[in-house]
Amino acid sequence: MSGASNVTIVLNGETRGVPAGATVLALLETIGIAPGRVAIEVNGRVVRRDDYLRLVLRDNDKLEVVHLVGGG
Amino acid sequence: MKTETLTLGGRSYPSRLIVGTGKYPNFDLMRLAIEASGTALVTVAVRRIDLSQRGGGKSLLDYLDTRKVALLPNTAGCFTADEAVRIARLGREAGLSELVKLEVIGDEKTLFPDNEGLLQATRVLVKEGFTVLPYTNDDLVVAKRLRDAGAAAVMPLAAPIGSGLGMQNAVNLRLLLDEIRDLPVIVDAGVGTASDASMVMEMGADGVLMNTGIAGAGDPVKMARAMRLAVEAGRLACEAGRIPKKLCATASSPVEGLVGQDS
């Protein structure tokens, strides 16, 4: 049984637990990513930067955290 | 229209050369090549951050002076319209740019575009306010449809991506350039060396987009400068208007007053 204090999310294809009530911004801090240089999708929808602090992660949320890389 | 200015979606860029940021051995070399190219617009790709590295690893953006070069996120690697739209939205958020180099690939070996998917994605993204620059083949009919769908430019290939073959179908490109006069035509993909770039510019292309031709060269910084000069030279030659071709010689020096002529 998963503890009430954790929710399970899928981040870039990897399953991981985050504390209940954690926001997108809190997750970024945990993984050491500066919020200014990424784009985030939660369950297929792009999350605006202004919403990182407001959006609380829920069980089974699927996140994609992407950034810009070299390309043609 | 100014020689060095490329206008896309109402914004002007002081260079007709667009360059990619992929395939460089390191970011320092990329930065130097971009400087040498004189470009004002660089393509970038959208990928997952590397979760195994704290902070996601080195950031491309640390090596780009975004006051001098604008970002053009691409949808490389997308094989459907839906995927491309999804990546375009993420690219807009990550790059804070309304521009998108739209790629919908239809074939893995040739990386030729999927025209149906390309049109579909163009329509969706135009509606969402993007400045859509679609990578397409050198097909006039597709170019017209992309224009009608609201694309800000059309970007026909000269040859397959990364092939370095140079322009393979001059007739198709000429027909396309003749007909598509109300929006920029940027030759994207297949340029291998400087003459490839000047040739398409001489024909009337509004710009050239390249990545491998510079990044894969023996000396990318030198090649970047060569491409800069080639694009400028080709544009100038196009604006100047070349002389007609003739089979026989016409003397350049006066035929009168030759020494030793007796009347």
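Me: Hi! Which residue just after H6(B) takes a positive phi?
Reply: That's Gly204(B), with a phi of about 115 degrees. Keep in mind that we're looking at a predicted model.

Me: Good to know. And H6 itself, which of its residues are buried?
Reply: Helix H6 of chain B runs over residues 194–202, and its buried residues are Ala194(B), Asp196(B), Ala197(B), Ser198(B), Val200(B) and Met201(B).

Me: Let's zoom out. How many helices and strands are there in chain B?
Reply: Chain B has eight helices and 10 strands. Its C-alpha atoms fill a box of roughly 90 × 40 × 35 Å along the principal axes.

Me: And what share of chain B counts as buried?
Reply: Of its 263 residues, 50% do. As for the surface, chain B exposes about 13,100 Å², with carbon and sulfur atoms supplying 51% of that.

Me: What about charges on chain B?
Reply: There are 30 positive side chains and 31 negative ones, and the centres of the two sets lie 3 Å apart.

Me: Switching topic: where is Val124(B)?
Reply: Val124(B) belongs to helix H3 of chain B, which covers residues 115–127. Asp114(B) lies 10 residues away from Val124(B) along the chain, and their C-alpha atoms are 16 Å apart.

Me: Which residues is it in contact with, leaving aside neighbours within four places in sequence?
Reply: Val124(B) is in contact with Val85(B) and Arg89(B).

Me: Now the interface. How many residues does each chain bring to the contact?
Reply: Chain A brings 28 residues and chain B brings 31. Between them, the two chains bury about 2,700 Å², and 55% of that is on carbon and sulfur atoms.

Me: Which three residues of chain A supply more of its buried area than any other three?
Reply: Arg37(A), Leu68(A) and Gly72(A), which supply 27% of the area that chain A buries against chain B.

Me: How many salt bridges are there between chain A and chain B?
Reply: Four. One is between Arg37(A) and Asp62(B).

Me: How far apart are the closest N and O atoms in that one?
Reply: They're 2.6 Å apart.

Technical notes
Residues numbered from 1 in each chain as written. Chains lettered and ligands numbered in written order. Predicted model: local features only at pLDDT ≥ 70, side-chain atom pairs only at ≥ 80, totals over all residues. Heavy atoms only, no water. Helix = DSSP H or I, 4+ residues; strand = E, 2+ residues; numbered from the N terminus. Buried < 20%, exposed > 50% of the residue type's maximum accessible area, 1.4 Å probe, protein only. Areas by Shrake-Rupley, 256 points an atom, 1.4 Å probe, with all protein chains shown as cover. Lys, Arg positive; Asp, Glu negative; His and termini not counted. Charge placed at Lys NZ, Arg CZ, Asp CG, Glu CD. Contact = heavy atoms within 4.5 Å. Buried area = accessible area lost by both parts, 1.4 Å probe. Salt bridge = Lys/Arg side-chain N within 4 Å of Asp/Glu carboxyl O.
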